[in-house]
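The structure is shown first, and the description follows.

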Amino acid sequence: EHPTLLVSACLLGQPVRYDGHSKGLPATLHAALAARYRLIIICPEVAGGLPTPRPPAELAGGDGHAVLRQAATVRTAAGGDVSQEFITGAQLALQLAQQQQCRIALLKANSPSCGNLQVYSGRFDGQLQDGQGVTAALLSAHGITVYNETQLEQLLD
Ligand code: SF4
């Protein structure tokens, strides 16, 4: 039986991003992943109750680990606090990953939920900084290794 891999829905072509679009991987890569893994698909922001499209949000005052400790927030450019939706989505992603025995995840880079290495600054200025999104943080804290779409060779070697 193939190992399971938790995957961001937008990377598999589902139009769940804030702007109503997807960021689908090329078909050959999608096929290569599907041949090697049983793919478990989730969009944490949609799972957490946010609509699509939705205003873009960024982490404010800390990364996803800080949001989970309620020491930082997730905010829209207008200042709306969507932290609870992001936390709920992360919890549902963790629950699904644990149910499906995923030890690894492939999540979209730079997202305030899914980013595994960097996230946007919180100033809506397009600048990235080191840190994890809320879902990537919760999965990592529970021993699930999170990769992004620029690290695919590590999943397909
Ligand atoms: Fe993609 Fe993750 Fe954003 Fe959903 S929350 S659109 S899966 S990057």
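## Overall architecture

Of the 157 residues in the chain, 40% count as buried. The model is a predicted one, with a mean pLDDT of 98 for the chain and a score of at least 70 for 100% of the residues. Among the elements, α5 has the highest mean pLDDT (99), whereas helix α6 (residues 153-156) has the lowest (96). For the complex, the predictor reports an ipTM of 1.00 and a pTM of 0.98.

The chain contains 6 helices and 8 strands. Read from the N terminus, their order is β-α-β-α-β-α-β-α-β-β-β-α-β-α. The radius of gyration is 15 Å, close to the 15 Å given by the globule rule for 157 residues, so the chain is as compact as a globular protein of that length. The C-alpha trace spans about 45 × 30 × 25 Å along its principal axes. Of the contacts with a separation of 6 or more, 62% join residues 24 or more positions apart.

## The nonpolar core

The largest nonpolar core comprises 39 residues, and the members that touch the most others are L6, V67, A93, A105, V134 and L139. Two or more residues each are supplied by β1 (4-8), α2 (44-47), β3 (57-60), α3 (64-68), α4 (83-99), β5 (104-106), β6 (118-120) and α5 (134-141). The largest share, 6 residues, comes from α4.

## Helix α5

Helix α5 is mostly covered, with 6 of its 8 residues buried. These buried residues are V134, T135, A136, A137, L138 and L139. Their cover includes α2, α3, β4 (73-76), α4, β5 and β8 (145-147). After α5 comes G143, which has a positive phi near 85 degrees.

## Ligand surroundings

The residues around the ligand are S8, A9, C10, V16, R17, C43, P44, E45, K108, S111, S113 and C114. By class, this shell has 6 nonpolar, 3 polar and 3 charged residues.

## An exposed strand position

Q129 is located in strand β7 (residues 128-130). Q129 has 12 other C-beta atoms within 10 Å and is therefore exposed. Setting aside residues up to four places away in sequence, Q129 touches Q118, V119 and S121. The C-alpha atoms of Q129 and Q118 lie 5.4 Å apart, with a sequence separation of 11 residues.

## Backbone exceptions

Most residues other than glycine have a negative phi, and most peptide bonds are trans. T52 and P53 are joined by a cis peptide bond, with omega at about -5 degrees. P53 belongs to the loop between α2 and β3.

Two further positions concern phi. N110, although not a glycine, has a positive phi of about 75 degrees; N110 is placed in the loop between β5 and β6. Because 15 C-beta neighbours lie inside 10 Å, N110 counts as partly exposed. F124, also not a glycine, has a positive phi of about 55 degrees and is found in the loop between β6 and β7. F124 has 13 other C-beta atoms within 10 Å, so F124 is partly exposed.

Note on methods:
Residues numbered from 1 in each chain as written. Predicted model: local features only at pLDDT ≥ 70, side-chain atom pairs only at ≥ 80, totals over all residues. Near = placed C-beta within 6 Å. Nonpolar A, V, L, I, M, F, W, Y, C, P; charged D, E, K, R; others polar. Core = buried A, V, L, I, M, F, W, Y, C linked by C-beta atoms within 7 Å. Buried ≥ 20, exposed ≤ 12 C-beta atoms within 10 Å, placed from the backbone. Helix = DSSP H or I, 4+ residues; strand = E, 2+ residues; numbered from the N terminus. Rg over C-alpha atoms; globule rule 2.2 N^0.38 Å. Contact = placed C-beta atoms within 7 Å. pLDDT = per-residue confidence, 0-100.
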